[in-house]
Amino acid sequence: MLVLGIESSCDETSVAIVRDGKEVLANVINSQIKIHERFGGVVPEVASRHHVYQISMVFEEAFKVAGVKPEDIDLVAVTEGPGLIGSLLIGVNAAKVFAMMYKKPLIGVHHLAGHIYANAIEHEMKFPLIALLVSGGNTELILMKDHFNFEIIGETLDDAVGEAYDKVARVVGLPYPGGPHVDRLAHLGKDTYKLPRVYLDDQSFNFSFSGLKSAVINLVHNMKQRGEEVNVNDLCASFQASVTEVLVNKTFALAKCQRVTNIIVAGGVSANKGLKERFEATLPEGFNLCIPSIKYCTDNAAMIAVAGYYQYLKNPTLADLTLNANASLELESK
Ligand code: KG4
C-alpha cells in the first residue's frame, strides 16, 4: 500500500511517499527555520505564505525522489490538526486537490499521532506502551494498549518542554529554534547551577516547566545586574539536567505504575541527545526503549503517511472533500 503523506502544521512543508507503513521512498522537507530565525519564532502569516510558495515544488520533488507516479498512490494522508490554522489549510487543500484529481481515498491525521508513529518506521511498536510526547507545543504521557488507542495520563500544566528550551535559548542569546543549540552546549558544560526539579506531587504524571524557565531567566538577569558573567554551557547543562531528569523519571514511574515495559519517545524534543542518554543510562532491566532517528523526530510527512497507514488499517473511515483544518484538534482513539 503506497501512502502519500502531507504535513504543513507549522513551519515545515513536507510531502512523503511510504510503502506499507515502513519503506520511506521519499520524505521531502522544506524548512522555514531561516526565514523565522530573525523574528525569534514562527510568524503564522509568514509561515502560511511560504507553504503556498513551496507546496507544489515539494510535491513534485517527492514523486521524483520516490520514482512513482500519482496514479500509483493508494491513500492520501494529511495532517488536519492541531497546528497553525493558516499553515494547516495549505496542506489540507493540497491533499484534497490531489485526492480529487486522481480519485484517491483521503484521510485526516492528527499531528501528534504522526509523531508517535515516527517510531514505527524503524522499530516495531509493541503494546502496551507508554509514549512520552515532547515537542514545541506538547508534553504528554500517553498509554497505548493497541494501535490508535490513546489514553493521555499526564500533560504539561503550562509550557511545553520545547517551548521552555526555545525561551531559555533566547535569554542566553542562542538562535531559534533553541532546543538543538541548548542540547549542543549542554554537552560542553556541567550541571553547576542549582535549578529546580518540578515533580508537582508524587501521584501526578503532569508536568510544569514555566517555573524552571522563570528560574533560568531570573538567574541570568540577577547575574547580569551584579555584573557577573553567565557560563552559558553550564547553564544549558543545568537546565537540560533538570528537564531530562523529570521527563525520564516520570515516564518510568508511569510505566511501572501501569506495568508496561515498552517506552517510546516522540516529537521534536526526542531529538535531544541528553534525553536519549539519560533514558538509556537509567533504563530498567527488561524495558524496551524506542526513539526515532533525528530525521523523523521533528516535523516531517513520512510520520504522517505511516500514521495514516495504521489509522486506515484500524478504522478505514475516509474523509471527503469537506475535510477541514482544525487548529485545536484533540487526539482521539480510532
Ligand atoms: O515536533 P516539532 O518539530 O514541532 C512541533 O512543536 O510540533 O518540535 C519542535 C521543538 C522546538 O521547540 C525545538 O527547539 C525542539 O523541538 N527541539 C529540541 C531539539 N531539537 C528540536 N529540543 C531539545 N533538544 C533538541 N535536540
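This report walks through the core, the salt bridges and a charged patch of a predicted model.

## Ground rules

The model is predicted, so local features need pLDDT of at least 70 and side-chain atom pairs count only at pLDDT 80 or more, while totals for chains, interfaces and linings use all residues. Residues are numbered from 1 along each chain as its sequence is written, and side-chain values use heavy atoms, with hydrogens and water left out.

## The nonpolar core

Let's start inside. The largest nonpolar core has 45 residues, and Phe239 and Leu247 touch the most other members. Elements that each supply at least two residues of this core include β6 (129–134), α8 (210–225), α9 (232–258) and β9 (262–266). Helix α9 gives the most, with 11 residues.

A nonpolar core is a set of buried Ala, Val, Leu, Ile, Met, Phe, Trp, Tyr and Cys residues joined through side-chain atoms within 4.5 Å. Buried means under 20% relative accessible area, exposed means over 50%, and partly exposed is in between (1.4 Å probe, protein chains only). Helices (H or I, at least four residues) and strands (E, at least two) are DSSP runs, numbered from the N terminus.

## Salt bridges

The whole structure holds 8 salt bridges, each being a side-chain nitrogen of Lys or Arg within 4 Å of a carboxyl oxygen of Asp or Glu. One of them joins Arg197 to Glu245, with the closest N and O atoms 3.1 Å apart. That pair links distant parts of the chain: Arg197 sits in the loop between α7 and α8, Glu245 sits in helix α9, and 48 residues separate them. Arg197 counts as partly exposed because its relative accessibility is 26%.

Glu280 and Lys276 make another bridge, at 3.8 Å between the closest N and O atoms. Both lie in helix α10, 4 residues apart, or about one turn of the helix. Glu280 is partly exposed at 47%, and Lys276 is partly exposed at 38%.

## A negative patch

Out on the surface, Asp20, Glu71, Asp72 and Asp74 gather in a patch of negative charge. Patch members have over 30% relative accessible area and no salt bridge, and like charges are joined within 9 Å. Asp72 is found in the loop between α2 (44–66) and β4 (75–81). With 33% relative accessibility, Asp72 counts as partly exposed.

Technical notes: Patch = residues over 30% accessible without salt bridge, like charges linked within 9 Å, V, L, I, M, F, W, Y side chains within 5 Å. Areas by Shrake-Rupley, 256 points an atom, 1.4 Å probe, with all protein chains shown as cover. Lys, Arg positive; Asp, Glu negative; His and termini not counted. Charge placed at Lys NZ, Arg CZ, Asp CG, Glu CD.
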